[in-house]
Amino acid sequence: MSNRLRYARLPKNEAEAVALQAELAGCVVVADNGHEFETVAGLDIAYDKDSDEAIATAVVMRRRDFEVLERSVARGRSEFPYVPGLLAFRELPLLLEAIGGLKILPDVFVCDGYGLTHPRRFGLACHLGVVLDMPAIGVAKNPPHLPVTEPRSSRGEWTAIKAGEEVVGCALRTRDDVKPIYVSVGHRCTLDTARNLMLDMAPEFRLPEPIRAADRLGRELLAESRK
DNA sequence: GCGACAG
DNA sequence: ATCTTGTCGC
């Protein structure tokens, strides 16, 4: 795992970051072996308002019953600012650290943010997946600036999001009458697999359980360390 | 034509 | 991401 962590290059400026995305975007694989994802890791980063501390969390969960198998945490600070389109450079280093602390390697990672639903088709989930060469899915809470047709109001309804002729993700309704989530392929899976998995893992709330678990853990630790 | 884009 | 009270609904 440690050699893979070293693979995450840190660009010095935005131009370098964009060039790196363009270079790595060609590595994304949109294919999988069907429904064999049995363990899923949710990833997230929580930031402290004033102290610039950040906490990355990785929660490995069984797909079947959502039982948490392992949790890992990494604390640090993000050097890279938040720039739309370059989120990965801000969050990836700390996420990789948290993942490096896992003993159980999950079958797939779920990221907070875009995969192929990205201006250059290389969002956080793609970056993570390609760097680790592992399946990854992107789940965003906000839509991209692309024409998105609102899915019908009942759970399970979805609409494809296209950039030109290319399908780069979907809007997926996980709860009746609640705004959809935006699912896209990160690496080594298909959009159908990603969409079905995320719907299955969000039986009760808008966001899939792995994301909720990672989110909650980060918040708890942040509140705890702030006392 | 330009800018808007996750967290 | 983060700042926050009440409020509506099951």
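A residue is near a molecule or strand if one of its heavy atoms lies within 4 Å of it. This is a predicted model, where local features need pLDDT of at least 70, side-chain atom pairs count only at pLDDT 80 or more, and totals for chains, interfaces and linings use all residues. Residues are numbered from 1 along each chain, chains are lettered from A, and side-chain values use heavy atoms, without hydrogens and water.

**Exercise 1.** Find how many residues surround DNA strand B, and which are the closest.

*Solution.* Start with the count: 18 residues surround DNA strand B. The closest are Tyr82, Gly85, Tyr114, Asn142 and His145. Next, look at the DNA side. Of the atoms of DNA strand B within 4 Å of the protein, 46% belong to sugar and phosphate. Last, sort the residues by class: eight are nonpolar, six polar and four charged.

**Exercise 2.** Locate polar contacts (pairs of N or O atoms within 3.5 Å) to DNA strand B.

*Solution.* Take the phosphate first. A polar side-chain atom of Tyr82 lies 2.5 Å from a phosphate oxygen of DNA strand B. Then turn to the bases. A polar backbone atom of Leu86 is 3.4 Å from a base nitrogen. A backbone N or O atom of Leu124 lies 3.1 Å from a base nitrogen.

**Exercise 3.** Work out the strand order of the open sheet, and which strands stand at its edges.

*Solution.* Strands are DSSP runs (E, at least two residues), numbered from the N terminus. Two strands pair if DSSP finds at least two bridges between them. The eight strands run β3-β2-β1-β4-β5-β8-β7-β6, with mixed pairing. β3 (68–76) and β6 (158–163) each have a single partner strand, so one side of each lacks a neighbour in the sheet. Now zoom in. β5 (residues 136–140) and β8 (residues 181–187) pair antiparallel over five bridges. Ile137 stands opposite Val185 in β8.

Note on methods: Helix = DSSP H or I, 4+ residues; strand = E, 2+ residues; numbered from the N terminus. Polar contact = N/O pair within 3.5 Å; in protein donor to acceptor, adjacent residues only side chain to side chain. Nonpolar A, V, L, I, M, F, W, Y, C, P; charged D, E, K, R; others polar.
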